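Please walk through this protein chain one region at a time, with the sequence beside the structure. The paragraphs below take up its sheets, its helices and a few single residues.

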Amino acid sequence: MRGIFWKIFMWFWLATVLSGFVFFLIAINLRLTPMRDGHRRYFDNERHRNQSQAVEIYGRTAAAITEREGSPALVDASRPTGAQGIYLFSANGTPLSKGVPQTVHSAVLAAVGTAPQRKLPPEALVVRVLGPNGTPYFAAASFPAPPPPPDFPPFPLPPHFWLQLAVTLVVSGFVCYVLSWRLTAPVRRLREATQGLAAGKLGSRVAVPTGDTGNELSDLGRDFNTMAARIEQLVKAHQQLVRDVSHELRSPLARLNVALELARKESTGSAAPALNRIEYEGERLNQLIGELLTLSRLDEEGTGMGTAVDLAELVGEVVRDAEFEACAANRHVRASAVQGLQVSGNRELLRRALENVVRNAVCYTREGSCVEVILEGHGEREAVIRVRDSGPGVPDAELADIFRAFYRVGEARDRQSGGTGIGLAIAEKTVALYGGSISARNLTAGGLEVEIRLPV
C-alpha cells in the first residue's frame, strides 16, 4: 500500500463512500422528520376522536337517564364500566354528577363562558350533548397526559438497500480506480523512462501528450526528456571522442615503432636500455588504445549477441593461457569447471572479460601461490564463475569501485603492477551486456574473490 496509485485510489474511494454515507443519513433524516410529525398528528387526532366519542356517548346516556328518572343522583349509578372520570353538567355549568374535580368544573365553566379564564386546560375535554327532550348538557372528562406515540425504528432502510449499496460501491470503486490510474500514469511512464536511462538506454524518453500544458507531471516529463537528450548527446560525444582519439593515436604509434627499429639499427649498445624502455611504453600505449576501443564498443547496444558459448571450454582456454604467463612469475592458475553450461554472447568479448579478471588475479596473488578459477551452475538458469587469489585484497569500502575505468586502490595496485586500469571495467560492461553481474569480496583467509554470474 505504499505506492502512490494505491494511496490515491484508497483515499478517493474512502472519500466517495463516506460522502455517500453522509448524504444517505441526511436524506433519511429529511425523510423521517415529516413522517414522524405526521405520525404524531395522526395519533393525537385518533386519541382525541376516541375520547370525544366516549364522552359524547356517556353524556347522551346520562342525559337520557336524568330526564327519564328525574333525579341527577342516578347519573353516577348509571355510569358504565370504563366511564370513570367522565361527568355530566347542565347547560349553565352546574355539576349533575358527584365528585367532580375542580379542573373539570373549571373547564366546563370556561366552555359555558362564565369562568374568568376562557381557555380550556389541556388535560380536560368538554363535549356539548342534547338530551331526548332537546335539553342541552355538557359532558366533560379529565384525561391523563397521553404516552408518547410509537416512533419509527431508527434509520429505516429503503427497499433493496443492500443491492443499491453494493452497486454504489462497485461503481464508485471502478470510477476511483480509473481516475487513480490516469493520475498516476505519467509517474509510471517517467519511472520506466528513468529505469531505461539508468540501464544505459540513452534513447529512453517519456511519452508526453501533445498540447498538454500547465500540467505539472507533463512538464516534469518534458524536463526529463530534455535532460535525457542532453545526457545522450554528452555520452555519445564522449564515446566518439574516445574512438577518434584512439584511432588517431594508432598512426603515430605505428610510426614510432618504425622509428624505434631504425634507431636500434643505427645505435650503439649503450642506447639499448633506453630503446627497450621506449618499446615497453609503446606496447603499453598500444594496449591502452585497444582496451579503450573495446570499452567504447561495449557502450553500444547489442554488441555480439546471440552466439552459444561453452563456458567450460572458454574457462579452460583462458586458464591455459594465464598459466603460461604465471609460471614465469612463480605463480600458477588452476581450473575447476562443470561441463555443459552454455551462454549466449560474443565469445571473444566473454573470453577477454574473463581473461582480464584472471590476469588481474595473477598480478596480485602472492608469489608461489595459485589462482583458482571455479565454474559451477547455480540452479538451472545461471552459471557462476569464481576467481580467487591470495593477494592483499581490497578495502571493503572500495570493492565496488574497482570495476570503474582507471580506478586504482592505493599503493597495493599502482601503475607498476596494475596494468592500464581498464580490464575490470571491460569485464563489468561485458557481463552486464549479457544480462549478468560481477562482484568482488575479500576472503576470510586472505585474498580477493571476483564472482561472475551469467544467465544460462
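This is a predicted model: local features need pLDDT of at least 70, side-chain atom pairs count only at pLDDT 80 or more; totals for chains, interfaces and linings use all residues.

Strand β9 is joined to strand β10 (residues 448-455) by six bridges, and the two strands run antiparallel. Along this pairing, R441 stands opposite E449 in β10. Helix α9, which covers residues 423-433, packs on the sheet here and touches β9 and β10. The direction of helix α9 makes about 135° with that of β9.

The strands β9 and β10 belong to an open sheet of five strands, in the order β5-β7-β8-β10-β9. The pairing in this sheet is mixed. Its edge strands are β5 (332-337) and β9 (437-442), each of which pairs on one side only. On average, neighbouring strands of this sheet are turned by 15° against each other, with direction ignored.

A helix also lies on these strands. Helix α8 lies across β5, β7 (370-378), β8 (382-388), β9 and β10. Relative to β8, helix α8 runs at about 30°.

Helix α8 has a helix partner as well. Two packed helices are described by the angle between their axes and by the distance between those axes. For helix α7 (residues 311-327) and helix α8 (residues 347-364), the axes come within 10 Å and cross at roughly 40°. The crossing in which α7 passes α8 is right-handed. Residues of α7 that take part in the meeting include E313, L314, V318 and A322.

Three strands form an open sheet in the order β1-β3-β2, and their pairing is antiparallel. The edge strands are β1 (86-90) and β2 (124-130), each pairing on one side only. Neighbouring strands of this sheet are turned by 25° against each other on average, direction ignored. Helix α3 (residues 102-112) packs on the sheet and touches β1, β2 and β3. The direction of helix α3 makes about 140° with that of β3.

Within this sheet, five bridges join β1 to strand β3 (residues 136-142), and the two run antiparallel. F89 stands opposite F138 in β3, and S90 stands opposite Y137 in β3. Is strand β1 mostly covered or mostly open? Strand β1 is mostly covered, with five of its five residues buried. I86, L88 and S90 point one way from β1, while Y87 and F89 point the other way. The residues on both sides are buried.

L109 is found in helix α3. L109 and F89 are 20 residues apart in sequence, and their C-alpha atoms are 9.7 Å apart in space. Is L109 buried or partly exposed? Its relative accessible area is 23%, and buried requires under 20%, so L109 counts as partly exposed.

A residue in a loop gives a contrasting case. S204 is found in the loop between α4 (161-198) and α5 (216-266). The relative accessibility of S204 is 12%, which is under the 20% limit, so S204 counts as buried. Leaving aside residues up to four places away in sequence, S204 touches A193, G196, L197, F224 and A228.

How many aromatic pairs does a search of the whole structure find? The search finds one. The pair is formed by Y42 and F43, and it is edge-to-face, with 5.8 Å centre to centre and 85° between the planes. Y42 has a relative accessibility of 49% and counts as partly exposed. F43, with a relative accessible area of 31%, is also partly exposed.

Last comes the chain as a whole. The protein chain has nine helices and 10 strands. Of its 456 residues, 33% count as buried. Among the contacts in the protein chain with a separation of 6 or more, 63% are accounted for by residues 24 or more positions apart.

Technical notes. Residues are numbered from 1 along each chain as its sequence is written. Side-chain values use heavy atoms; hydrogens and water are left out. Rings of Phe, Tyr and Trp (its six-membered ring) pair if their centres lie within 6.5 Å; planes under 30 degrees apart count as stacked, over 60 as edge-to-face and the rest as tilted. Buried means under 20% relative accessible area, exposed over 50%, partly exposed in between (1.4 Å probe, protein chains only). Two strands pair if DSSP finds at least two bridges between them. Helices (H or I, at least four residues) and strands (E, at least two) are DSSP runs, numbered from the N terminus. Axes are lines fitted to C-alpha atoms, for helices over the stretch in contact, and angles run from 0 to 180 degrees between N-to-C directions. Contact means heavy atoms within 4.5 Å. A crossing is left-handed if the near helix is turned anticlockwise from the far one by less than a right angle, and right-handed if clockwise.
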